Amino acid sequence: MSDHSHTYTPPEPERLTRDIGPLRKKLLVVGIVALALTALGGSLDRVQTLHSYLFAFMYFFTIAAGAFFWTILHYATNGNWSVVVRRQFENIANVVGVLVIAFIPLLIFQHDIWAWTRPEELATSELLQKKQPYLGMTFYAVRLLFYFGFFFLAARFYRKLSIVQDGDGSIVHSWRLRWWSPLSIIGFGISITFSAIDWLMALDYHWYSTMWGVYVFAGAAQSSMAACILVVYALRKHGYLKPVTSEHAHIMGKLLLAFTVFWAYIAFSQYMLIWYANIPEETVFFIKRNIGSWTYLSIFLVAGHFVIPFLYLLPQAVKKSFGSLGVIAVWILFMHAVDYFWIIMPVVRPAGIHLAWTDLTAWIGLGGIVLYYLVGLIGGAGLFPSRNPRLEECVKLTN
Amino acid sequence: MAILSKVTDSLEIEAWAIGAEFPSAAAVYEAAQKVRDKGFKWWDVYSSYPIHGMDAAMGLGKSWVSAVSLAGAATGLTTAVLLETIPSVFLYPMIVQGKPYFSLPAFFPIMFELTVLFTAFATVFGMLGFNLLPRLHHPLFNWERFCQKASDDGFFIVIETADPHYNAEETPKLLASLGATNVTLIPRD
């Protein structure tokens, strides 16, 4: 509903004009050095270092998956507000291209991370034998192929057709992407749920929670929105993305608030059901995280992942500026790291909180490579879909 | 003025406001900006559906219903905490399923629900309060054309005579110059 303003001049297509080469080189060097240090750490303590690496991998994987979710959601709902920022979601989703390769160490050393992959475990554990139809190597291989094949191909497909449209301006691309979007949502739902089960829940194959997939998804959607806000903020700070207004900031802020609440809702529901029923095979997860100093991290997670961003994001004025949103986006991305630290590390450090230096090097290393790739993607295409049929509505957005 | 309709001919009637009709949402949107810029305060825009951006075009600023909502949320949360803690811990302490008397996880759902419920009530009734609703009658309904079209396909601007900037000579001319039709004085009774 924007028919009240008569004047519309389409925004000029934008591309990165500055030289991103030096920045990318720095990121690549940082990434390689930090990953080399991590490998060194791996030769000293393989199990701890592999968990550090799994932590870093899951951190970036969930952000990329969340960005893919936002991309397909915009097509499925035929939304108009998101057009000017959608290319950044497409870019973030496409870092899955790096993560496919980054998974290889986790595949090679899987015996050190997931107990269920060890043949000797299978021989002695009756529970694991009962779970063989799912937690078996053949089906696991099929699932891995599906997760990575789906994310990789679908993320590329959505970005590619969107870029082709920048060139020819044909509406057919929008139609095609919209037609695929409901199917993509099914593929996404299957991938995020079962990858969360395979890589995180199966760290302890005794444990199960039917809400686990949703929990991971909620964190992924929240943190990827924060990541996109930061990318948009950085681009605007350098004078790009001129059609993006405080109205777009407002919507992204509202969605960030919504998914902050959603994460808390899911996290609490999962906790309360397990707490209430008090069945040993379910409570084992929370008991591990309520022993010693892990208790304090659990409480910090509730406060930092929910209470602080929730209260911060309540006033309207905060959500209307990319500056104030950027502050909480950084905080949420930090809390996303705390969340994954809390999920993964108690498994190998049951005594209490302990930050290994490989946690940092793995995170910085993979982060450097991911950012190196992401900056390349941002520079490799227009900064927003300049010939999208809904661009006019998006530029004139009021809400 | 020829534009003014018959009601204004009888001079004894006390005028409550002056009303004007506009042909489209775009026209009423642009007229609202002009009326805002003239400094009018006691006026309103009527259409059968929400026009995006009209808040800014009218210079309304931020709605403070959200403050009432926040007060409702705080009340709801406090109510739930007291309603659960006082009986479960002090009045009728009972061990249920081996849990402590003060079991926050069990209390949370009620705290959440009452917060939402009180917020919803505060928002709805706060909105009604700010709008001075409900009321049985409004002088606006003395304008027959408004009654026929406002909820159908009419777009109206109504400026009250109580507005400090209102002028019996100038204001109808202003509205007419903005492209209004059916500029009408609306009687109070």
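What follows is a friendly conversation about a predicted model.

Colleague: Let's begin with chain A. Why is A:Ser223 called buried?

Modeller: A residue counts as buried when 20 or more other C-beta atoms lie within 10 Å of its own. A:Ser223 has 29 other C-beta atoms within 10 Å, so it is buried. This serine is found in helix α11 (residues 212–237) of chain A.

Colleague: Which residues is A:Ser223 in contact with, leaving aside its neighbours within four places in sequence?

Modeller: They are A:Thr62, A:Ile63, A:Gly66, A:Ile332, A:Leu333 and A:His336. As for A:Arg24, 199 residues apart from A:Ser223 along the chain, the two C-alpha atoms are separated by 23 Å.

Colleague: What makes the backbone of A:Asn78 worth a look?

Modeller: Its phi is near 55°, a positive value in a residue other than glycine. Over in chain B, B:Asn182 likewise has a positive phi of about 55° although it is not a glycine, but B:Asn182 is found in strand β4.

Colleague: Which residues meet where α2(A) and α16(A) pack?

Modeller: From α2(A), the residues include A:His51, A:Leu54, A:Phe55 and A:Met58. Among those they meet in α16(A) are A:His336, A:Tyr340, A:Phe341 and A:Ile344.

Colleague: How do you know that the length of α9(A) agrees with its number of residues?

Modeller: Helix α9 (residues 137–168) of chain A has 32 residues, and at 1.5 Å a residue it should span 46 Å. Its end C-alpha atoms are 46 Å apart, so the two values agree. The helix is followed by A:Gly169, whose phi is positive, near 65°.

Colleague: What do the buried residues of α9(A) pack against?

Modeller: They pack against α2, α3, α4 (96–102) and α10 (172–199) of chain A. Among these buried residues are A:Tyr147, A:Phe151, A:Tyr158 and A:Arg159.

Colleague: Now the sheet in chain B. What makes β2 and β4 the edge strands?

Modeller: The open sheet has 4 strands in the order β2-β3-β1-β4, with antiparallel pairing. Strands β2 (43–46) and β4 of chain B each pair on one side only, and that is what puts them at the edges. From one strand to the next, the twist averages 20°.

Colleague: How do you know that β1(B) pairs with β4(B)?

Modeller: Pairing calls for at least two bridges, and 5 bridges join β1(B) to β4 (residues 181–187) of chain B. They therefore count as paired, running antiparallel. B:Gly19 stands opposite B:Thr184, and B:Glu21 stands opposite B:Thr181.

Colleague: What about β1(B) and β3(B), how many bridges do they have?

Modeller: Strand β3 (residues 155–160) of chain B pairs with β1(B) over 6 bridges, again in the antiparallel sense. Here B:Ala20 stands opposite B:Ile157.

Colleague: What makes β1(B) mostly covered?

Modeller: In this strand (residues 15–22), 7 of its 8 residues are buried. As for helices on the sheet, α6 (residues 170–177) of chain B lies across β1, β3 and β4, running at about 15° to β1(B).

Colleague: One last point: what makes the bond between B:Leu133 and B:Pro134 stand out?

Modeller: It is a cis peptide bond, with omega about -5°. B:Pro134 lies in the loop between α4 (104–130) and α5 (144–149) of chain B.

Key
Residues are numbered from 1 along each chain as its sequence is written. Chains are lettered from A and ligands numbered from 1 in the order in which they are written. This is a predicted model: local features need pLDDT of at least 70, side-chain atom pairs count only at pLDDT 80 or more; totals for chains, interfaces and linings use all residues. A residue is buried if 20 or more other C-beta atoms lie within 10 Å of its own, exposed if 12 or fewer, and partly exposed in between; C-beta atoms are placed from the backbone. Helices (H or I, at least four residues) and strands (E, at least two) are DSSP runs, numbered from the N terminus. Axes are lines fitted to C-alpha atoms, for helices over the stretch in contact, and angles run from 0 to 180 degrees between N-to-C directions. Two residues are in contact if their C-beta atoms, placed from the backbone, lie within 7 Å. The expected span of a helix is 1.5 Å times one less than its number of residues.
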